[in-house]
Amino acid sequence: MSLMHLSFYSAFTLSSLGLAFHRTHLISALLCLESMMLSMYLALSLWPVENQATSFTLMPILMLTFSACEAGTGLAMLVASTRTHGSDHLHNLNLLQC
């Protein structure tokens, strides 16, 4: 395993651990999701270069598109929950009270 692969795997693992264990604010969860998407985008953009495969060059663009849609939806949810509940703490968001 090269140093580049190790850095991608460690960035993805650290962001998923941050998402799993640091669940106080919605904005921190969104930042962890964005760092996961960023590490996946970098890995997908360098994978066709390493393998000389031109058929997978569209995958990073699709991943970046879905990441932008996920970020927009997450920020819209952040604004909506802050307006209705007064803060972005995740313990205030209970699905049973909706």
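Predicted model: local features only at pLDDT ≥ 70, side-chain atom pairs only at ≥ 80, totals over all residues.
Let me begin with Leu26, which touches Met77, Leu78, Ser81, Asp88 and Leu90 when residues up to four places away in sequence are not counted; contact here means heavy atoms within 4.5 Å. This residue lies in helix α2. Helices (H or I, at least four residues) and strands (E, at least two) are DSSP runs, numbered from the N terminus. Leu26 is buried, with a relative accessible area of 11%. By that term I mean under 20% relative accessible area, while exposed is over 50% and partly exposed is in between, with a 1.4 Å probe and protein chains only.

Residues are numbered from 1 along each chain as its sequence is written, and side-chain values use heavy atoms, with hydrogens and water left out.

On confidence, pLDDT is the predictor's confidence in each residue, from 0 to 100. The chain averages 85, and 95% of the residues score at least 70. Confidence is highest in helix α1 (residues 3–21), at 90, and lowest in α2, at a mean of 87.

I turn to the overall architecture. The chain has three helices and zero strands, and from the N terminus on its elements run α-α-α. Its radius of gyration is 17 Å, well over the 13 Å that the globule rule gives for 98 residues, so the chain is more spread out than a compact globule. That radius is taken over C-alpha atoms, and the rule is 2.2 Å times the number of residues to the power 0.38. Along its principal axes, the C-alpha trace spans about 50 × 25 × 20 Å.

Two further totals concern packing. Of the 98 residues, 19% count as buried. Among contacts with a separation of 6 or more, 56% are accounted for by residues 24 or more positions apart.

Returning to Leu26, how far apart are the C-alpha atoms of Leu26 and Pro48, 22 residues apart along the chain? They are separated by 34 Å. By comparison, the C-alpha atoms of Leu93 and Leu26, 67 residues apart along the chain, are separated by 9.6 Å.

Leu93 itself is found in the segment after α3. At 33% relative accessibility, Leu93 counts as partly exposed. Leaving out residues up to four places away in sequence, Leu93 touches Ser81 and His85. In the segment after α3 we also have Ser87, which is buried at a relative accessible area of 18%. Beyond its neighbours within four places in sequence, Ser87 is in contact with Ser81, Thr82 and Asn92.

Within helix α3 we find Ser67. Is Ser67 buried or exposed? Ser67 is buried, with a relative accessible area of 11%. Not counting residues up to four places away in sequence, its contacts are Glu34 and Met37.

For helix α1, I take Ala11 as the example. Ala11 counts as partly exposed, at 35% relative accessibility. The C-alpha atoms of Ala11 and His22, eleven residues apart along the chain, are separated by 16 Å.

Finally, the surface. The chain exposes about 7,000 Å², of which carbon and sulfur atoms supply 73%. Accessible areas come from the Shrake-Rupley method with a 1.4 Å probe, and for residues only the protein chains shown count as cover.

Which residues make the nonpolar surface patch of about 700 Å²? They are Trp47, Phe56, Leu58, Met59, Ile61, Leu62 and Phe66. Patches are made of residues with over 30% relative accessible area and no salt bridge; like charges are joined within 9 Å, and nonpolar side chains (Val, Leu, Ile, Met, Phe, Trp, Tyr) within 5 Å. A salt bridge is a side-chain nitrogen of Lys or Arg within 4 Å of a carboxyl oxygen of Asp or Glu. Helix α3 (residues 59–85) gives the most to this patch, with four residues. Leu58 is found in the loop between α2 (26–51) and α3, and is exposed, with a relative accessible area of 54%.
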